[in-house]
Amino acid sequence: MSTLPKISEAEWEIMKLIWKSNPLTSEEIIHQLSNKMKWSAQTIKTFITRLIKKGAIGFEKKGRVYYYYPLLSEEECIRSENEFFLKKVYDGALNMLFTKFLDGELSLEQIEELESILKDKKVKNSSDNKEPLK
């Protein structure tokens, strides 16, 4: 995977909107974020411009209106952010992350859900690693 651009927390708010529904105009983005985030229209337009320069979103101009759409998938951006966080905080040690996470309070339901996720992953990995019979 190629290196993805670093997207700020503020830019993530715009990306989430665009991933949820696209294409969106700047007016639609401004309308949805100005009250929620208390940002001015100019601030939001600045974030949109930054995302274009970073190659995270693209646009199509129809008449005088610009329509914005994602160039990066939500999944690949989340994966990149997770990897960055893991390296930054835990030196890439996934087991340390889980150990610290599990030190917190977990309900029985949450524990059972985590067990189910791990079991499914184990089954998938073991079936992926099987060689076909000859």
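Helices (H or I, at least four residues) and strands (E, at least two) are DSSP runs, numbered from the N terminus. The structure is a predicted model, in which local features need pLDDT of at least 70, side-chain atom pairs count only at pLDDT 80 or more, and totals for chains, interfaces and linings use all residues. Residues are numbered from 1 along each chain as its sequence is written.

**Backbone features in loops**

K38 lies in the loop between α2 (26-37) and α3 (41-54), and D91 is found in the loop between α4 (74-90) and α5. Each has a positive phi although neither is a glycine. Exposed here means over 50% relative accessible area, computed with a 1.4 Å probe on protein chains only.

| Residue | Phi | Relative accessible area |
|---|---|---|
| K38 | about 60 degrees | 70%, exposed |
| D91 | about 50 degrees | 74%, exposed |

A further loop, between α1 (9-20) and β1 (24-25), holds P23. A cis peptide bond, with omega of about 5 degrees, joins P23 to N22.

**The largest pocket**

A pocket is an open set of points on a 1 Å grid over the protein atoms alone, where a 1.4 Å probe fits, with protein on both sides within 12 Å along at least five of seven lines; lining residues have an atom within 4 Å of a point. The volume of the largest pocket, which is the space filled by probe spheres set on the points, is about 250 Å³. Its lining consists of F98, L102, L106, I111, L114, E115, I117, L118 and K121. Two elements, α5 (94-102) and α6 (108-128), each give two or more residues to this lining, and α6 gives the most, with six residues. The lining comprises seven nonpolar residues, two charged residues and no polar ones. Here Ala, Val, Leu, Ile, Met, Phe, Trp, Tyr, Cys and Pro count as nonpolar, Asp, Glu, Lys and Arg as charged, and the others, Gly among them, as polar.

Definitions and conventions. Heavy atoms only, no water. Buried < 20%, exposed > 50% of the residue type's maximum accessible area, 1.4 Å probe, protein only.
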